Amino acid sequence: MSTNWYLFPEPIVLAVTGKDARRYLNNRLSNDLRTLQPNEAARAAALTSQGRVEGLFTVFVESAESFLLVCDGGNREGVKAALAKFIVADRVNVTDISACAVFAHVAMESSQVRESVLSFATERKLLCARMRVSTVGSDVILVTEVPIDGLHRLTELFGPALSEESYNLLRIKQGVPVYPDEINEDVILSECGVLDAVSFSKGCYVGQEVIERSDAIGRLPRALERIRLVGSGLISVGEQVLNAAGDPIGKVLSSAIDLDATLLFALLRNGKYVRGDSVTCAGHAGEIMQAEQVVQ
């Protein structure tokens with residue numbers, strides 16, 4: 001059997017435990033975690049008081065007092081410190097267990113992945129539905145004393161893993177931004193359209209005022225967009241995007257080569273463009289893609 005799947009090379013996996021773990025996480029992170037049950041999961045972000053993203057997690061619930069938080073990558077110490085920075089008298093422990101974990105994405109219906117993963121002889125295994133490189137998919141976390149065994153089992157089941165280049169191309173085609181490539185301390189979640197990681201009804205959390213205000217205004221100064229350029233070649237992060245008149249309207253956050261074209265994620269200034277506009281970047285001509293456009 002062979003299917004598209006990707007092994008995250010340096011995920012950050014944090015075990016958060018203790019009597020106050022759920023309350024603390026709910027107050028620290030952007031989503032409502034109060035009603036999540038064991039074996040359920042949700043996305044949530046740790047934000048600065050200015051609403052900038054310090055870490056974007058999939059929060060897996062193991063029990064009422066035990067949670068696994070998985071971040072695709074980033075600065076390990078920085079992400080852990082951001083999550084734990086408001087622990088004072090709370091009965092909460094945050095432990096980095098990344099060395100014992102395998103984190104992967106499988107482009108397959110969750111029910112099919114679950115049936116396969118449940119057979120794994122690992123101490124802890126959790127999964128959740130998540131679209132990354134196609135219209136279906138699941139994130140899988142395996143925690144074991146011998147992580148290489150989990151990797152071998154995934155390879156036996158699904159074939160060779162995608163390369164990082166292939167994974168990035170497929171997710172940009174699908175319009176899926178990730179932490180820390182596009183989502184990081186330079187942006188707020190609303191600019192990236194990652195609203196599934198936000199609750200607008202749960203009450204206070206760090207950075208809430210900024211997120212609520214941006215939602216109330218209904219229009220942000222910047223927005224994450226995809227651009228398709230003619231000609232293949234990786235574009236440097238920070239490269240300026242120019243409109244038809246040659247005026248700068250934003251900057252590149254990531255790029256991927258697609259045969260004779262290059263796909264970009266770029267942060268553009270609202271009011272300076274509409275989707276479908278012609279642009280240039282690093283000497284290549286192209287256009288801003290429509291939000292729903294999926295590249296084949």
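For residue classes, Ala, Val, Leu, Ile, Met, Phe, Trp, Tyr, Cys and Pro count as nonpolar, Asp, Glu, Lys and Arg as charged, and the others, Gly among them, as polar. This is a predicted model, in which local features need pLDDT of at least 70, side-chain atom pairs count only at pLDDT 80 or more, and totals for chains, interfaces and linings use all residues. Residues are numbered from 1 along each chain as its sequence is written, and side-chain values use heavy atoms, without hydrogens and water.

**View 1. The largest pocket holds about 400 Å³ of space.** Among its 22 lining residues, G175, P177, C192, G193 and L224 are the closest to the centre. A pocket is an open set of points on a 1 Å grid over the protein atoms alone, with protein on both sides within 12 Å along at least five of seven lines; lining residues have an atom within 4 Å of a point. The lining of the largest pocket comprises 10 nonpolar, 5 polar and 7 charged residues.

View 2. Of its 16 lining residues, E165, N168, L234, S255 and A256 are the closest to the centre. Its lining has 8 nonpolar, 4 polar and 4 charged residues.

**View 3. The largest cavity contains about 70 Å³ of space.** A cavity is a set of grid points where a 1.4 Å probe fits but cannot get out. Its lining includes R43, D72, R130 and R132, and divides into 6 nonpolar, 1 polar and 4 charged residues.

Key. Grid points are joined across faces, edges and corners, and a volume is the space filled by probe spheres set on the points.
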